[in-house]
2 protein chains.
Amino acid sequence: MKGNCVVAQSGGPTAVINASACGVIQEAMKHEEITGVYAAHNGILGVLNGALFDLRREDPAVIEGLKATPASALGSCRYKVRTDEDFRKILDVFRRYNIRYFFYIGGNDSMDTADKVSALAAREGYELRAMGVPKTIDNDLACTDHAPGYGSVVKYLATMVMEAGRDTEAMYTTDTVNVIEAMGRNAGWIAAGTALAKRCEEDAPHIILLPEVPFDVAAFKARVEHYLATINRCVIVVSEGTKYPDGSYIANQTGEFASDAFGHTQLGGAGLFVKDLVEREIKVKARFAIPSTIQRTGAHFASLTDSMEAYTLGTEAVRRALAGENGKMVTLERTSDDPYRCETGLALLSDVANGEKLFPREWIAADGFSVTGEFDRYARPLIQGEVKPVMKDGLPLFVRFRKELVRPA
Amino acid sequence: MKGNCVVAQSGGPTAVINASACGVIQEAMKHEEITGVYAAHNGILGVLNGALFDLRREDPAVIEGLKATPASALGSCRYKVRTDEDFRKILDVFRRYNIRYFFYIGGNDSMDTADKVSALAAREGYELRAMGVPKTIDNDLACTDHAPGYGSVVKYLATMVMEAGRDTEAMYTTDTVNVIEAMGRNAGWIAAGTALAKRCEEDAPHIILLPEVPFDVAAFKARVEHYLATINRCVIVVSEGTKYPDGSYIANQTGEFASDAFGHTQLGGAGLFVKDLVEREIKVKARFAIPSTIQRTGAHFASLTDSMEAYTLGTEAVRRALAGENGKMVTLERTSDDPYRCETGLALLSDVANGEKLFPREWIAADGFSVTGEFDRYARPLIQGEVKPVMKDGLPLFVRFRKELVRPA
């Protein structure tokens with residue numbers, strides 16, 4: 001089927017979401033069936049507003065540069081498509097621009113949107129192939145072994161924990177405890193990932209607080225005191241989603257901007273909370289770090305495995321669409337741990353949209369403050385290799401699109 | 001003069017302070033005059049407590065590995081030597097262990113300590129050569145063009161700002177403002193360094209808040225609104241040392257641990273303060289990041305120039321001591337900006353101890369929210385090249401000493 005394609009990125013950026021966009025774009029440009037290769041400016045908002053830009057008018061070197069540029073070069077958003085009017089508007093824009101291929105790089109909500117657009121198009125007899133490309137640092141996407149973006153956030157955050165851990169090791173006579181806050185609203189995937197930094201008992205992190213384990217102040221205090229007594233220091237990784245036994249978050253942001261467009265509570269401050277708790281309850285000085293969005297955009301130290309998988313999934317989405325697939329997300333299917341091997345597969349967008357990959361309970365150690373070797377087996381392959389940043393004047397060189405908007409066909 | 005040497009590290013870690021230690025150790029081991037090569041465990045505390053370990057009993061590969069290991073592998077402290085009793089104790093330990101060479105890697109306070117020990121030894125007729133090796137991310141050391149540690153924190157933090165800046169650029173429809181807190185208690189050297197990340201008007205950082213510029217809420221607000229109106233987003237770097245016109249810090253930590261052993265106020269929370277201010281005053285959502293000790297220990301992306309200079313200064317301190325120097329700190333003297341060239345020199349420890357290198361007022365732009373091209377000329381050469389981290393299983397490999405204590409001679 002001949003027609004134009006549009007690629008869009010949605011939700012929180014990652015270090016490798018642009019690698020997926022690069023895969024989609026470079027693959028799409030190879031095929032005659034795909035005439036115009038467009039990007040939606042700022043995710044689904046770009047589609048709704050008819051703000052599409054022409055990727056064939058961008059410098060091919062810039063497109064190639066996506067592989068080493070973090071965050072969403074096409075622009076992203078957190079707009080939740082809910083109303084029939086919105087879905088109808090999306091289809092109208094697709095009609096006007098003769099969009100026949102829609103590649104949506106994102107998480108749960110994006111897969112839901114792509115699925116509903118695809119269904120509406122089918123009902124209206126408009127031929128459209130909508131394909132999802134998985135993306136999330138949170139690694140909570142169903143139907144895929146893991147999501148691109150996860151390996152890189154883990155590699156980078158684990159490195160931060162190792163490095164800051166050495167700082168605490170050097171300074172334990174004054175700064176005894178260090179608390180590092182990890183992202184991850186609902187699942188402990190990211191915080192758990194920092195366990196990869198620990199090669200021996202002395203190494204950080206010493207305690208990991210996961211959202212899956214109700215925060216038990218007394219047990220936590222005893223654990224910190226154990227480390228202070230044995231190695232004179234304690235490095236703690238706390239997930240922003242850590243909760244009390246009653247289900248309430250240990251640290252909520254308050255005020256006007258305390259929840260996002262999806263109604264998700266915006267977290268932050270869990271690190272500060274734990275630092276204060278340690279100082280108040282254990283009477284030792286603690287430091288804290290909140291890497292926030294820095295952790296998810298570490299392109300200068302992204303996982304090469306992650307980046308290559310992100311790129312491959314982009315190309316694969318295009319190939320599968322051209323082969324006639326529609327309403328599916330391309331997935332990663334692990335066929336072997338050692339040597340690590342993943343193949344690509346397909347899942348129904350609706351299955352992804354309605355699913356959630358929880359952190360396996362059996363990978364949480366009995367003490368609740370660390371993870372098992374099974375997790376290492378799962379996650380270790382995802383952080384192998386480093387993306388070589390393109391450097392200029394001592395700093396990475398990132399690309400930026402000119403974003404010339406296209407007119408309707 | 002034949003005898004043992006001791007090397008010590010003091011104060012806050014850097015990404016390259018171990019490179020200086022490596023320089024001292026490898027150079028000391030080459031010379032017959034230096035018999036025992038010892039390290040003080042935890043800076044001057046190790047000397048006071050007679051906790052010295054034998055570097056000849058450590059694996060040479062571990063010593064070599066110092067070049068890519070962050071923080072202070074010998075251990076550090078913030079103990080301020082003040083009393084005559086302490087100084088006498090230090091000299092006693094030197095006598096007992098036949099220490100004739102003392103290499104102290106640190107900042108202001110360390111140079112002061114080394115100077116006083118040297119003077120006491122002279123008064124008592126004990127032959128000792130005490131040499132300082134500069135180290136501080138703060139870059140506020142007098143008598144040297146710059147201090148090792150500074151180039152690496154700037155390179156890494158500027159990269160973080162670039163990467164998080166791309167995040168904000170992608171997400172501006174929801175997360176419009178991002179605030180990143182930089183270290184730097186008294187001087188804006190580190191915060192200013194993030195200006196290197198900005199290649200064009202669109203690039204982060206858009207606003208830099210320096211301790212040297214009294215925080216003017218109205219001017220700040222106008223500046224943020226300017227960026228929101230022109231590029232729909234604003235990335236702000238705030239130095240932890242930013243002050244109101246009356247000299248009080250915009251954000252102080254409170255509580256029992258609010259000041260360190262030197263009486264310096266422990267800062268933190270400036271980033272959170274500015275985020276809250278933006279949300280309250282400008283009514284847009286803001287995010288914040290507090291990289292804290294992570295920024296100063298980024299060995300995985302340290303500046304090669306910085307690391308090589310740190311190493312060279314270590315070796316140079318040993319050579320100069322063997323040539324008869326005493327009571328001096330080795331310095332960097334810039335002889336050319338382009339091509340960048342630095343030679344090593346010497347300064348009196350007392351001059352360093354009593355001096356302070358302020359951030360030049362003339363390098364602050366007229367608006368007070370950015371720096372001039374002169375700063376770029378100064379700082380750009382310091383971030384060139386990358387230290388290649390030694391990798392294992394997808395993460396950096398750092399070394400650790402066995403620390404076998406030695407007995408008195």
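The model is predicted, with local features requiring pLDDT of at least 70 and side-chain atom pairs counting only at pLDDT 80 or more, whereas totals for chains, interfaces and linings use all residues. Residues are numbered from 1 along each chain as its sequence is written, and chains are lettered from A and ligands numbered from 1 in the order in which they are written.

The contact between the chains draws 55 residues from chain B and 55 residues from chain A, two residues being in contact if their C-beta atoms, placed from the backbone, lie within 7 Å. On the side of chain B that touches chain A, the largest share, twelve residues, comes from α6(B), where helices are DSSP runs (H or I, at least four residues) and strands likewise (E, at least two), numbered from the N terminus. Of the interface residues of chain B, 100% are also interface residues in chain A, so the copies meet through the same surface.

Within chain A, the buried residues of α4(A) are I90(A), L91(A), V93(A) and F94(A), a residue being buried if 20 or more other C-beta atoms lie within 10 Å of its own, exposed if 12 or fewer, and partly exposed in between, with C-beta atoms placed from the backbone. These buried residues pack against α2 (44–48), β4 (99–106) and α5 (108–123) of chain A. On the other side of α4(A), D84(A) and E85(A) are exposed, and the helix is followed by N98(A), whose phi is positive, near 50°.
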